[in-house]
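Biologist: Could you walk me through this one while we both have it on screen? I have a handful of quick questions.

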Amino acid sequence: MMSPFDRKNKVAACLDRFALRMLLLALCIGYFFFLWRSGLPSLLAGSALFALVCLSLMQLERHTLSRRDRMLRERIGGTIALEELILLPSAKACETVCALLCDTLGAQALGGGRMRYEEEIWLVRCAQCFQSANASEGDVLSAHRARLEQQADKCALVSTSGFSPAAIRAAEWMDPPVRLIGGRQLSVLFGRQHPATDEDIARHLSRSKKPFSWQRIRTLALSPAKLRRYLICALLLLVLYLMTKSAASLAACLLSFMLALLCAHENRRSFTL
């Protein structure tokens with residue numbers, strides 16, 4: 001039995017498609033034969049209906065593949081844009097987001113991260129955070145102070161990840177409230193404006209693949225927190241060996257003790273860059 005994540009080979013996929021087409025042809029011919037009780041007219045009409053249904057299915061498949069391809073390019077394009085936005089200087093990031101909002105909303109860019117939208121001047125600020133972190137209430141307060149300093153009517157704070165609950169409460173408490181735009185919505189806007197090309201997708205996939213690293217395994221296995229565990233394990237295995245006289249227990253005990261020695265030696269090494 002195949003799991004949902006297994007892929008069929010090409011021969012099986014072709015056989016499935018052929019069997020479905022034959023079943024559809026039989027149903028089309030059977031439908032007209034049930035109506036007319038005549039062989040040759042039912043065969044001709046059923047074949048014509050079968051051709052029409054097959055053409056409709058082909059158009060539907062093309063439309064579905066085109067839509068999925070566009071969604072994939074927009075999602076990867078938005079992800080790449082957020083990664084690049086994190087590394088930009090703060091002023092450049094604000095101008096980039098402001099230009100994106102101007103193109104999306106049809107607003108007028110005023111420079112310096114400001115735009116005119118619906119007869120109001122908006123100040124756009126960007127909190128550049130990694131995906132594992134969220135923008136805090138300090139970012140909201142900084143955006144509000146910048147709005148007062150530049151005498152803008154309203155302020156929009158954009159985050160490349162998300163906002164903490166305290167930041168959301170602080171934005172609602174401000175007068176006027178600070179408009180928050182999260183990283184997911186920002187990624188959608190960037191993806192619609194700048195969908196990824198084939199080269200962008202290939203480069204993104206190559207960066208996403210994490211090669212096998214012995215250094216990472218060594219760091220995890222010889223971390224300072226593991227030293228005590230290795231010693232306790234070696235002691236318990238030694239007690240088990242004294243009780244059972246098992247060679248396997250003795251070998252495991254020696255291995256745990258060696259790992260403890262390596263862990264202690266690794267953590268005593270001098271710090272180098």
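This is a predicted model: local features need pLDDT of at least 70, side-chain atom pairs count only at pLDDT 80 or more; totals for chains, interfaces and linings use all residues.

Biologist: Fine. In which sense do β1 and β2 pair?

Modeller: Strand β1 (residues 108-111) and strand β2 (residues 114-117) pair in the antiparallel sense over three bridges. Pairing here requires that DSSP finds at least two bridges between two strands, and the elements themselves are DSSP runs numbered from the N terminus, helices being H or I with at least four residues and strands E with at least two.

Biologist: Which residues in β2 are the bridge partners of Ala109 and Gly111?

Modeller: Ala109 has Met115 as its bridge partner, and Gly111 has Arg114. The two strands form a hairpin with two residues between them, and Gly112 in that turn has a positive phi of about 70 degrees.

Biologist: And how many bridges join β2 and β3?

Modeller: Four bridges join β2 and β3, again in the antiparallel sense, with Tyr117 standing opposite Glu120 in β3. These strands also form a hairpin with two residues between them, where Glu118 in the turn takes a positive phi of about 55 degrees.

Biologist: Switching to packing, which residues touch the most other members of the largest nonpolar core?

Modeller: Among the 21 residues of that core, those are Leu85, Val97, Leu101, Met115, Val124, Leu186 and Phe190. At least two residues each come from α2 (39-87), α3 (90-105), β3, β4 (154-159) and α6 (183-193), and α3 gives the most, with seven residues. A nonpolar core, as used here, is a set of buried Ala, Val, Leu, Ile, Met, Phe, Trp, Tyr and Cys residues joined through side-chain atoms within 4.5 Å, where buried means under 20% relative accessible area, exposed means over 50%, and partly exposed lies in between (1.4 Å probe, protein chains only).

Biologist: What is Leu101 in contact with?

Modeller: Leaving aside neighbours within four places in sequence, Leu101 is in contact with Gly106, Met115, Val124, Ile181 and Leu189, contact meaning heavy atoms within 4.5 Å. There is also a second, separate core of 14 residues, which includes Cys129, Phe163, Ala170 and Met174.

Biologist: OK, α4 next. Which of its residues are buried?

Modeller: In α4, the buried residues are Val140, Ala143, His144, Ala146 and Arg147. They lie on the same side of α4, because they cover an arc of only 160 degrees around the axis, the arc being that of the directions from the helix axis to the C-beta atoms. On the other side of α4, Arg145 and Glu149 are exposed.

Biologist: What covers that buried side?

Modeller: The cover over the buried residues of α4 includes β3, β4, α5 (165-173) and β5 (179-181). Looking at His144 by itself, it counts as buried because its relative accessibility is 12%, and it touches Met174 and Asp175, not counting residues up to four places away in sequence.

Biologist: How far does α4 reach from its first C-alpha to its last?

Modeller: With 14 residues, α4 reaches 20 Å, close to the 20 Å expected at 1.5 Å a residue, where the expected span is 1.5 Å times one less than the number of residues. Just after α4, Gln151 takes a positive phi of about 60 degrees.

Biologist: How many disulfides does a search of the whole structure find?

Modeller: The search finds zero disulfides, a disulfide being a pair of cysteine sulfur atoms within 2.5 Å.

Biologist: Last one: is Phe34 buried or exposed?

Modeller: Phe34, which is found in helix α1 (residues 10-36), is exposed, with a relative accessible area of 56%. Its C-alpha atom and that of Trp173, 139 residues apart along the chain, are separated by 71 Å.

Key. Residues are numbered from 1 along each chain as its sequence is written. Side-chain values use heavy atoms; hydrogens and water are left out.
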